[in-house]
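Biologist: I am new to this protein, and I would like to learn how to read its main features one by one. Could we look at the model together?

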Amino acid sequence: MILERNLFSGCIRNGKSSDLADKLFSMIESAGRYAFNDAHAKKYAIWSYRTAYLKANFPYEFYCTYLTYSKARQRPREELHDMINEAKMCGIDIVPPSITCSSKDFKILDNGTKKSIIYGLSHIKQFGEKDWLIIKNDRPKTFSEFLVLSFREDNSIRSLGIESLIKSGACDLYGISRKCMLDVVTAIGQLTSREVKFILENINSASGIVEIKEAMNQCAEKISTKARKQIVRSESDAIDVNVTDITEWKAASEKELLGISMTCSAVDTYNGIADFSCKDCYKMLRNNKGVNKNVIASVIDIDLMVTKKGENPGQEMCQVNIADASGSIRMVMFPAAYAKKQKQTTKGW
């Protein structure tokens, strides 16, 4: 073998022993099974440089494209969470989905003075291609128009798509609480097609929740059979006009459907108490080690592990992913701190 002969002769020429040459060649030979070939390595290097250049100089275009193609990943929800969180930490503004402004995929919004990336509707969990085509062709500007699209006899949005749009925050522009909108959709979904048709014909684009409830009551009087009158009235009475959304429920719904909570956090009620946010911690990670600050955040997940080195290997420790309204960061809890935390609580954290 030419390589082996050249290596041996070179080692001897430079005053090295034949045993060392043999050992070096064995190492190179075994590494060759795993090392990238020259062409492969160069291609990775070129694409790494290109993407790094785009990320540094065209961050909105970079993140918009990356997020759009997140559906091709093995774990799209996790990919969306990580990339949106990273973008937020880097000062890139990513706004929640909107039924009137969002496109199918992520899109850059630019009003001349400010840029942002708006969440794509097709990336909302349980919102399908058919649902998108309906929204694309007829953007409902009011909640009553949204109901017409949701319950018309032909070409209507699927029930799962309706629920996902509301719970993800895509319908927040209507100025109605998500719980109230879900109650209306649930109530109308219990009615017969004849009753639904009457209600849709007796509301207009300006109708609010009160007018929708009134249309349901008129339906009970004029259209419903004797056996169903009380049922329709009960569905109308179950709609609470003044109900508000619980922050923890909103955050959990967005996490499930969008991959990340975008409009709120489970710890929003503690705003103003903590010294630092998760985003503040992210900014100071490199240059401010040893600084003590208070952060109030919710625990997203905990990865347990044991130490492999040190004086007492095998001790339990963990990595904790915490989040607030500014984003999420991963922190390490070393054995001493982890043991102390375990003693402080018996119900988990």
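Modeller: Let us begin with a definition: a residue counts as buried when its relative accessible area is under 20%. Please keep in mind that this is a predicted model. With that cut-off, the buried residues of helix 8 are G161, I162, S164, L165, I166, K167 and S168.

Biologist: How should I read a nonpolar core, and which residues touch the most other members of the largest one?

Modeller: The general idea is that, in soluble globular proteins, nonpolar side chains tend to be buried together. Here the largest nonpolar core has 61 residues, and the members that touch the most others are F143, F146 and L165. Helix 9 (residues 178–189) supplies the largest share of this core, with 7 residues. There is also a second, separate core of 9 residues, and C281, I322, M333 and Y338 are among them.

Biologist: What is F143 in contact with, apart from its neighbours within four places in sequence?

Modeller: Once those neighbours are left aside, F143 is in contact with Y174, I176, M181, V184, I209 and I212. F143 itself has a relative accessible area of 4% and is buried, and Y174, at 12% relative accessibility, counts as buried too.

Biologist: How do I describe two aromatic rings, such as those of F143 and Y174?

Modeller: A pair of aromatic rings is described by the distance of the centres and the angle of the planes. The count of aromatic pairs in this model comes to 7. For F143 and Y174, the ring centres are 6.2 Å apart and the planes stand at 55 degrees, so the pair is tilted. Because F143 lies in helix 7 (residues 143–151) and Y174 in the loop between helix 8 (159–168) and helix 9, the pair ties together parts that are 31 residues apart in sequence. Elsewhere, F62, Y63 and Y66 form one aromatic cluster, and the charged end of R50 sits over the ring of W47, 4.7 Å from its centre.

Biologist: Turning to the strands, which of them stand at the edges of the open sheet, and why is one side of each left without a neighbour?

Modeller: The open sheet has 3 strands in the order 4-5-6, and their pairing is antiparallel. Strand 4 (298–306) and strand 6 (327–333) stand at the edges, and each has a single partner strand, so one side of each is left without a neighbour in the sheet. Neighbouring strands are turned against each other by 15 degrees on average, direction ignored. Between strand 4 and strand 5 (residues 316–324) the antiparallel pairing runs over 8 bridges, and M305 stands opposite M317 in strand 5. Helix 5 (residues 76–89) lies across strand 5 and strand 6, and runs at about 100 degrees to strand 6.

Biologist: Which strands form a hairpin, and how many residues lie between them?

Modeller: Strand 2 and strand 3 form a hairpin with 4 residues between them, and in the turn G112 has a positive phi of about 100 degrees. Strand 2 (residues 107–110) and strand 3 run antiparallel and are joined by 4 bridges, with K115 as the bridge partner of D110.

Note on methods
Residues are numbered from 1 along each chain as its sequence is written. This is a predicted model: local features need pLDDT of at least 70, side-chain atom pairs count only at pLDDT 80 or more; totals for chains, interfaces and linings use all residues. Side-chain values use heavy atoms; hydrogens and water are left out. A nonpolar core is a set of buried Ala, Val, Leu, Ile, Met, Phe, Trp, Tyr and Cys residues joined through side-chain atoms within 4.5 Å. Buried means under 20% relative accessible area, exposed over 50%, partly exposed in between (1.4 Å probe, protein chains only). Helices (H or I, at least four residues) and strands (E, at least two) are DSSP runs, numbered from the N terminus. Contact means heavy atoms within 4.5 Å. Two strands pair if DSSP finds at least two bridges between them. Axes are lines fitted to C-alpha atoms, for helices over the stretch in contact, and angles run from 0 to 180 degrees between N-to-C directions. Rings of Phe, Tyr and Trp (its six-membered ring) pair if their centres lie within 6.5 Å; planes under 30 degrees apart count as stacked, over 60 as edge-to-face and the rest as tilted. A charge sits over a ring if NZ of Lys or CZ of Arg is within 6 Å of the ring centre and within 35 degrees of the ring normal.
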